[in-house]
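Take a look at this chain and its ligand. The questions come after the view.

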Amino acid sequence: MPITITAFERSPDGGKGLARDTRVRWALEEAGLPYDVRLVSFRAMKEPAHLALHPFGQIPTYEEDGLVLFETGAIVLYIAQRHGGLLPEDANARARAVAWMFAAVNTVEPPILELVTARIFEGDKPWSKDRLPLVEERVRDRLRQLSAYLGDAEWLDGPFSAGDLMMVSVLLRVRPSGILDEFPVLAAYVARGEARPAYQRAFAAQLAVNAPPHP
Ligand code: GTB
């Protein structure tokens, strides 16, 4: 049975690849796995058929041979554990790559999501101008630490891994704010991720769905 994932029928980002199906597509492309995509509307996401796959009514989901998964970290880990190219063979290196996956979603992504909320959804609130700089500084703190750790290494821990896939995906979300470019080490790291052929295929596939129609 082919792998099927779900994605936005139309992503609010208009094809910038920021919705989370892109990281799952990327992992599938790195692993060389074909997959189908079922597109869902915002309304359909909250209906029983989709809630049976995803308790929080979100995308993406992953279906394969009767297995249903949600949460991109879990989905990418599942793919990486079963197929080559995304996790090292050595047990310790593998554990460290998984630690970087968790660091991406649990340590780096939260302040970035807070920033997205502060900029996009709270920008019109009277207290926003006081809060936004605080949130931005929390993002900079994390990026400063990550940048110092990465230094002049190509990837976080040896060869490219699912840890890098998740970290690059998370960092892409901060780029529209301009803050990523304050950290040239991280901007270059993200660019290396984006240059991978598997990422390019994943990006093109979501763009084909989400690009605004030509006038
Ligand atoms: N922790 C979950 C995971 O990693 O899988 C989070 C899943 C999630 O947030 N899904 C979002 C969703 O379904 C889409 S990716 N939202 C609909 C809802 O909750 O009702 C988040 C996202 C949305 C839009 C943009 N964008 O337009 O730039 C970027 C990212």
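What follows is a set of questions and answers on domains, ligand and backbone.

This is a predicted model, where local features need pLDDT of at least 70, side-chain atom pairs count only at pLDDT 80 or more, and totals for chains, interfaces and linings use all residues. Residues are numbered from 1 along each chain as its sequence is written, and side-chain values use heavy atoms, with hydrogens and water left out.

Q: What separation do the centres of domain 1 and domain 2 have, taken over C-alpha atoms?
A: Domain bounds come from an automatic or database domain assignment. That assignment gives domain 1 as 3-85 + 199-210 and domain 2 as 91-196. Over C-alpha atoms, the separation of the two centres is 21 Å.

Q: How many residues does each domain bring to the contact?
A: Contact means heavy atoms within 4.5 Å. Domain 2 brings 20 residues and domain 1 brings 15 residues.

Q: What area do domain 1 and domain 2 bury between them?
A: Buried area is the accessible area (1.4 Å probe) that two parts lose on being put together, summed over both. In domain 1, the residues losing the most area to domain 2 are Leu18, Arg23 and Trp26, together 38% of what that side buries. Carbon and sulfur atoms hold 63% of the area buried between the domains, and the value is about 1,500 Å².

Q: Which helix gives the most residues to the side of domain 1 that touches domain 2?
A: Helices here are DSSP runs (H or I, at least four residues), as are strands (E, at least two), numbered from the N terminus. There are six residue pairs in polar contact between the domains, both residues at pLDDT 80 or more. Helix 1 (21-31), helix 4 (72-82) and helix 9 (197-210) each supply at least two residues of this side of domain 1. With six residues, the one that gives the most is helix 4.

Q: Which residue has a side-chain N or O atom 2.7 Å from an oxygen atom of the ligand?
A: A polar contact is a pair of N or O atoms within 3.5 Å; within protein, one must be able to donate a hydrogen and the other to accept it, and residues adjacent in sequence count only if both atoms are side-chain atoms. A polar side-chain atom of Arg20 is 2.8 Å from a ligand oxygen. A polar backbone atom of Asp13 is 3.1 Å from a ligand oxygen. At 2.7 Å, the residue is Thr72.

Q: Which residue does a cis peptide bond join to Ile59?
A: Most peptide bonds are trans. Here omega is about 0°, and the partner of Ile59 is Pro60.
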